[in-house]
Amino acid sequence: MKQNKNGVWVSWNENLTYNYKSLYKITTEKELQEVITNSEKVRFFGTKQSSADIASGVDTLIDITTYNKILSFNNVEHTVTVQSGVILGDLLEAVEAKGWCIPCLPDINTITIGGALATGTHGTSGKLLCEYMTKCSIVLADGSIKVITDKDELISAVRVSLGALGVFSEITFKCEPIYTLHIKERPESDDVWLPKIEERLKKHDFLRILWLPHTDKGYVITGDKIDPKTEITENLGPKYLRHRRTASKILYKYTHIFPWITAIANKLLYRGFFSSTKEHKGSLYQATVTKSRGSTLELAEWTIGLDVFPKVFEELKTEINKWSNKSFIHIPMDVRFVYKDKSWLSYAYGKDTVTMGCVSRNAATADTYEAFKSIEKIFLKYGGKPHWGKRFAAKDAELTKIYDKWEDFKLLRKELDPTNKFLNPYLTELFNEKQTTNGIT
Ligand SMILES: Cc1cc2nc3c(=O)[nH]c(=O)nc-3n(C[C@H](O)[C@H](O)[C@H](O)COP(=O)(O)OP(=O)(O)OC[C@H]3O[C@@H](n4cnc5c(N)ncnc54)[C@H](O)[C@@H]3O)c2cc1C
C-alpha cells in the first residue's frame, strides 16, 4: 500500500484544506483493516466533493479511490458487487452494459460509491442511492469486518451513516432492467408548476424542477418511460445553451460584493438559457446526469416533507425577494423528490420528501453568501433536514429535534466506536462529543 507523509489534503473546490501526517492509498480490504486497526484517529475520503467538513481533519487519512474494483455480477438476482471507492460513472457504465440500471441517480457521476452512500446522496422520483444497496461489509473501528444485509435491522442505521459507524468496504446493489425515458423540458411560472407537483409525480416517471430565483419561474423537466424504438422529435434547444456556465460565471462575478446583481443576472440567464423547450430520450444515466462541470461551486441542500413544501417555498420566496436581507440566490435551486424509507439518518425517513438545492457559483466567497443562512433558518423552522454532504450550520441541538432516530444513532455510534476513532473536529461537534487529543473522551 502506498503511503504519503506530511502533506496537505485539499477538497474538490479548495474550500477545505488540512495538513495530514499519513495518507494511505489502499487497494485491498486487508489494507483498509490494517490502517484502521493501527490508527488512533482516521478519516477516509472519496473524490472530496462534499462541501461539509466530514472527510478529513485528522492525522491519518485513507484515500478510498484506489479501492475501486467492480467485483461481480449476479445475473439471476440482478445485483452488482463493488469496492466502495468505485466511481459512480464507472459503475453505471458497467451496469448499463449488462442491460440494467440503478433507478434513481444523483446529478453527478464523478463521486465514489462510499462517499455517496455515507452522505445520503439521492436523485429524483425514487429513493436515496443507499436504498438500492442490499448488502455491504463495513470495517469497524476495531478493524473487524461486519457483513450486513437488507434482512438485518442494522441496515437502517448503516445506509446513511456519515462514515461514523465504520468504513464501507464491499457493496452490493440491486439493479433493475434498463429503461428509456422521454424527457421534456420547459419553463413555467411558479403559480403553474407549484400546484402541479403531486399530480406530476403520479403521472411521470421522472420529475425535477430547476427553480430560477428572482424570476418567478421554474424550468420543469419530466420524463416518461417509453419503448426505446419510439420515434421522438429531438430538440436540444439552440447551440449556445452549452455556454450557460460561462455566462453565469461572468454575470455572477461580482455578486459577492453587490449581491443584488444576482436578481438582474438571473433574469438575463432565464431569458438566454431557460426560456426554450427541449425534448430528447435516453437512459436515466445518459439523459439526466451531468457528465462534466467546473469545480467552483459551493452547495447547500435542504429537504422537507412533500406536504409542507408549498408553504416553505412561498415563505422562502418572500424572504429572498426582500432586497434588505441580501439573500440573493444563484440559478438554479434544484427541486427534487425522494420517496420515504426507513433509514435513520435519511432525509426521507418515514416521509415523502422534497429536496431543494442552493448553489453559490463562487466557492471562494461562499462564507459571505447570505442565502445559505436564510434557507437554513426557514427550513429548520419547519423541521427541514440538511444534506449531510453539503453546507449547513445546524448541530446536535437542532438535529436531535428533526431526526427521530438521532439519539439512537448516537448511542450506536458510541457502541461501535467507543474511542471516537472516526470523529474529526466537525463530526465531534455535530454529535456533541468532547474534543480530545488522544482519541479517548
Ligand atoms: C457538483 C456536485 C453535484 C452533486 N450532486 C448531488 C446530487 O445530485 N444528489 C446528492 O444527493 N448529492 C449531490 N452532491 C453531493 C455528493 O454526492 C456528496 O457530497 C458525496 O458524498 C460526494 O462523494 P465523494 O466521493 O466526493 O465523497 P467525499 O466528499 O470524499 O466523502 C464524503 C463522506 O463520505 C465518507 N466516505 C467516503 N468513502 C467512504 C466509505 N467507503 N465508507 C464510509 N464512508 C465513506 C467520508 O469520510 C466523508 O464523510 C453533489 C456534489 C457536487 C460537488
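Trainee: Is the crossing in which H7 passes H8 left-handed or right-handed?

Mentor: H7 passes H8 in a right-handed crossing. Please keep in mind that this is a predicted model.

Trainee: What makes H7 and H8 roughly antiparallel to each other?

Mentor: Two packed helices are described by the angle between their axes and the distance between the axes. For H7 and H8 the angle is about 160°, and the axes are 10 Å apart. Angles over 145 degrees count as roughly antiparallel; H7 and H8 are therefore described as roughly antiparallel.

Trainee: Why is Tyr254 called partly exposed?

Mentor: The relative accessible area of Tyr254 is 46%. Buried means under 20% and exposed over 50%, with partly exposed in between, so Tyr254 is partly exposed. Tyr254 also contributes to a nonpolar surface patch of about 740 Å², together with Ile257, Phe258, Trp260, Ile264, Leu268 and Trp323.

Trainee: How do you know that Glu131 and Arg159 form a salt bridge?

Mentor: Side chains of opposite charge can pair when their charged atoms come close. The N to O distance for Glu131 and Arg159 is 3.6 Å, and the criterion is within 4 Å; the pair therefore qualifies as a salt bridge. Glu131 lies in the loop between helix H3 (113-118) and strand E8 (133-139), and Arg159 in the loop between helix H4 (155-158) and strand E10 (167-174), so the pair ties together parts that are 28 residues apart in sequence. Both Glu131 and Arg159 are buried.

Trainee: What is the exposure of Asp150 and of Lys151?

Mentor: Asp150 has a relative accessibility of 35% and so counts as partly exposed. Lys151, with a relative accessible area of 73%, is exposed, because the cut-off for exposed is over 50%. Asp150 and Lys151 form a salt bridge, with their closest N and O atoms 3.4 Å apart.

Trainee: Are Arg186 and Glu188 buried or exposed?

Mentor: Arg186 and Glu188 are both buried. Their side chains meet in a salt bridge at 4.0 Å, N to O.

How values were computed
Residues are numbered from 1 along each chain as its sequence is written. This is a predicted model: local features need pLDDT of at least 70, side-chain atom pairs count only at pLDDT 80 or more; totals for chains, interfaces and linings use all residues. Side-chain values use heavy atoms; hydrogens and water are left out. Patches are made of residues with over 30% relative accessible area and no salt bridge: like charges are joined within 9 Å, nonpolar side chains (Val, Leu, Ile, Met, Phe, Trp, Tyr) within 5 Å. Accessible areas come from the Shrake-Rupley method with a 1.4 Å probe; for residues, only the protein chains shown count as cover. Buried means under 20% relative accessible area, exposed over 50%, partly exposed in between (1.4 Å probe, protein chains only). Axes are lines fitted to C-alpha atoms, for helices over the stretch in contact, and angles run from 0 to 180 degrees between N-to-C directions. Helices (H or I, at least four residues) and strands (E, at least two) are DSSP runs, numbered from the N terminus. Angles under 35 degrees count as roughly parallel, over 145 as roughly antiparallel, 65 to 115 as roughly perpendicular and the rest as oblique. A crossing is left-handed if the near helix is turned anticlockwise from the far one by less than a right angle, and right-handed if clockwise.
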